[in-house]
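I'd like to walk through a few local features chain by chain, so let me put the thing up on the screen.

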Amino acid sequence: MKKNKLLIQNSITYAIIIGCWILVQILASTGHMTSLMKGLLVPLCIYVIMAVSLNLTVGILGELSLGHAGFMCLGAFSGAFFTNCMANVIPSVQVRFFFALLIGALVAGVFGILIGIPVLRLRGDYLAIVTLAFGEIIKNLLNAIYVGMDQSGFHFSFKDTTSLGMDDTGVVIIKGAQGITGTPKAATFTIGIILVLLTLFVVLNLINSRSGRAIMAIRDNRIAAESVGINITKFKLMAFSISASLAGVAGVLYGHNLSSLAATPKNFGYNQSIMILVFVVLGGLGNIRGSIIAAVVLTMLPELLRGLNDYRMLIYAIVLIVMMIFNSSPKAIEMRSVFMDKIKKNRKEAA
Amino acid sequence: MAMLEVKNISISFGGLKAVNDFSVTIEKGQLYGLIGPNGAGKTTVFNLLTGVYKPDTGTILLDGKNITGRSTIEINQDGIARTFQNIRLFKELSVLDNVKVGLHNHFKYSTIEGILRLPRYYKVEKQMNERAMELLKVFELDSVADYKASNLPYGAQRKLEIARALATEPKLLLLDEPAAGMNPNETAELMDTIRFVRDNFDMTILLIEHDMKLVSGICEKLTVLNFGQVLTQGDTQTVLNDHRVITAYLGE
Amino acid sequence: MSFLSYLINGISLGSIYAIIALGYTMVYGIARMLNFAHGDIIMVGGFVIFTCVSTMGFPPLVGVLVAVIACTVLGVMIERVAYKPLRGASSLAVLITAIGVSYLLQNAALLIFGSNARQFTSVVNVPSLKLAGGALSISGVTMVTILTCIIIMAGLMTFINKTKIGQAMLAVSEDTGAATLMGIDVNRTIAVTFAIGSALAAIAGALLCSTYPSLTPYTGSMPGIKAFVAAVFGGIGSIPGALIGGILLGVIENLSKAYISSQLSDAIVFAVLIVVLLVRPTGIMGKKITEKV
């Protein structure tokens, strides 16, 4: 019985995503899509992937990470780097984009493991600050690095283009604070939706499997999990690196949606990580569908409030605070349950 | 050969000898009790046996194998499983899933097979469900298999902890105050369950308990711990009639 | 000589971090929450002084005083409205609310003052000190900053150890439940903690903007995060830890700016934090916590 319920729940989640895709196709073909909305479609997919993957770390594994944007940054840069390097080798943009996605996922996942090994020993708020620090370091390094390519191979520098010391055939690929420019705009809404579905497939199937149960067991009670023979380090790392690698995928999508990619505090800083965390918390910890809905609603909200101009971010902030208090305050929870009881009672009396 | 042979283990925390020169021998199939006043070091002994702490001195042999200094995970795989004094369930998981986590090392498929839902996933999951339901049935928890573990009543939570421990297929089961917080009826029922587990699972059981009715009712042998040291050990009736034991519990 | 001057400037910057970190550390110790909005209180303090001094023409000291009062009131108000209803809720819920407050303060400032940087007139009018025949020059702001930090630190230690409310703060940070049972008004203690933290943030704002005179709605955010790092560095919850962490952070940041790379200085600061936490998981002065099985 339980199995079926799970299957139905997951199917609904997939159906929502596919439904959204169909809806957008209809709106676009009937000309009801503003250019503003069109520009928002790929970012929406990116944020959904980010939120779902962060939920794996925060909701399923139960560890607070404030550096998720750092993994997105790694994915974006490694993906765009690949696409630009391979411009002469693989002419097809779509094929390059496909491999870039794999590479972005791989690079972010490997860094997830490298960072996770030392960091996941820390607990709670300490883990949070260290992940924030890692995110900032990644952003900072990618903002300062120069990488060029010539006949003899790759050249790195932290100073400027000339100190790369390349010959005439050299091309600068990552130009310090200017980042990577000239990446073909290969990301489309349909590809975005496919990647969202893929993310959901990985995360939902992981949760409902042997490894997923081990991860959630560690979250619920680390000591008990150890006592039944669960390898804590292995499963923590697994969850953390899968989460990182999906963020890497979102990053590649991001990098291929803009012609110029630079690491700024706005796109890859801790503020971005925090915004994704807000999606996850408001959507409900461990609730994957909630993350999707929260990511979509909260990304659209400031855009829908655009008419209010300068007031929109202020309203966003107030909505956020009020929602948190309404959702999590012990008093509000009590009041809600009293209210619900009253409704039930009234219904009974009416019947 | 004895199932568990502990020789002269000691551990101190900041100069305080929490367990001092503790030895015990438990034969296969025995129901053994570890009693003593509060703070005597009983739970510390459990923590030493399960690798939560490493003993400063002494050796622990499980079924002839030296397990001293091994990690909690390794010791579980060697064959010791335990329950906790303050219940430690996987609260957000279902009752069924709690037991399935216990089965983790005995029913395997890789993470990739799980994510891609390859045939082995379905096959092994089916076996796991069957095995877990069997265990739940023993503890009459099969009807609540879909409940969240934290929604179970207290007594059922204690039983679920035992079921989860048994799922790891141990040779030796450690129960830390299994009857704590239970009413006399529940305790009587628990005594039957513990006996049933011993007989049907071919289990050796070491338990910590304060409820003397339970101890005298099911334990064959006892060790009394006081201030981290063994006060006396032997047959249950002999030990319980020892005046030193009575003094240790009630004072001079 | 240049090394010495970098070092002194680093200590001065570190003193500002230390003053901000105090607010983080006290609030964390007592309310167990990461107050992400703390950095934005600094910015509010900066704008209050800017308005008082540059727009309304008050003397700088009056401006600072008004800012201290305004930030204290603001801090207590934020605690009352946003954090108090969430007492007993999950720490993550409180964290997100704090982030909401941070957005709110930033965007309110954006609405009132716009996004263009304002030129902040230094509130310190002390001439710079020339040593070693003019080879080493220490600016007035630097001296005042370091001095202020010492005075605040000494004052705070006395306050906590000698006054009743200070002792209550210690008790609440040790064990909130036990403190309640002993008749300590926990809500009042938390409110006082927020008041002190916010007042310190206002002072930090005055010093920060006097050292780096460009003021925007986001001015407080990065120093806030770094002060938070400093607090963790020193061992969050520990007052001497905040001082040590702050100064160390400032010195490391300034020296790496001078000798390694100004672009990478933030990365270096964060890398040092990670190394410290890996060696000492609860910071330099932090207490070791063990979980009972």
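Let me begin with a question: in what sense do β1(A) and strand β3 of chain A pair, and over how many bridges? They pair in the antiparallel sense, and there are four bridges between them. Just keep in mind, for this and everything else I show, that we're looking at a predicted model.

So, staying with chain A. Strand β1, residues 146-150, has a partner in β3, which covers residues 171-175, and another in β2, residues 153-157. With β2(A) there are five bridges, and that pairing is antiparallel as well.

How many of the five residues of β1(A) are buried? Four of them are, so the strand is largely enclosed by the rest of the structure.

One more thing in chain A before I move on. A:Asp220 makes a salt bridge with A:Arg219, and the closest N and O atoms sit 3.0 Å apart.

β5(B) is joined to β4(B), residues 57-62, by two antiparallel bridges. If you zoom in there, you'll find B:Leu61 opposite B:Asn66.

Further along, have a look at B:Thr232, in strand β10, residues 229-235 of chain B. Buried or exposed? Buried, since its relative accessibility is 13%. Leaving out residues up to four places away in sequence, its contacts include B:Leu222, B:Thr223 and B:Val224, and also B:Asp242, B:Arg244 and B:Val245.

Two salt bridges in chain B, then. B:Arg70 and B:Asp78 meet through their side chains at 2.7 Å, N to O. B:Asp78 is buried at 11% relative accessibility, and B:Arg70 is partly exposed at 26%. The other pair is B:Lys126 with B:Glu130, at 3.6 Å, N to O. These two are four residues apart in helix α5, residues 119-138 of chain B, so about one helical turn separates them. B:Lys126 is exposed at 54%, and B:Glu130 is partly exposed at 44%. Over all chains, the salt bridge count comes to 25.

A quick word on backbone angles. Most residues other than glycine have a negative phi. B:Glu169 isn't a glycine, yet it has a positive phi of about 50°. You'll find B:Glu169 in the loop between α6 and β7 of chain B, partly exposed at 43%. Chain C has a residue of this kind too: C:Arg32, with phi near 55°. C:Arg32 sits in the loop between α1 and α2 of chain C, and its relative accessible area is 48%, so it's partly exposed.

And while we're on chain C, which residues make up its nonpolar surface patch of about 490 Å²? They are C:Phe3, C:Leu4, C:Tyr6, C:Tyr259 and C:Ile260. Helix α1(C), residues 2-31, gives the most, with three residues. C:Ile260 is in the loop between α10 and α11 of chain C, and at 59% relative accessibility it counts as exposed.

Last item: chain C also has a salt bridge network, linking C:Lys226, C:Glu253, C:Lys257 and C:Asp266. That's my list, so over to you for questions.

Notes. Residues are numbered from 1 along each chain as its sequence is written. Chains are lettered from A and ligands numbered from 1 in the order in which they are written. This is a predicted model: local features need pLDDT of at least 70, side-chain atom pairs count only at pLDDT 80 or more; totals for chains, interfaces and linings use all residues. Side-chain values use heavy atoms; hydrogens and water are left out. Patches are made of residues with over 30% relative accessible area and no salt bridge: like charges are joined within 9 Å, nonpolar side chains (Val, Leu, Ile, Met, Phe, Trp, Tyr) within 5 Å. Accessible areas come from the Shrake-Rupley method with a 1.4 Å probe; for residues, only the protein chains shown count as cover. A salt bridge is a side-chain nitrogen of Lys or Arg within 4 Å of a carboxyl oxygen of Asp or Glu. Buried means under 20% relative accessible area, exposed over 50%, partly exposed in between (1.4 Å probe, protein chains only). Two strands pair if DSSP finds at least two bridges between them. Contact means heavy atoms within 4.5 Å.
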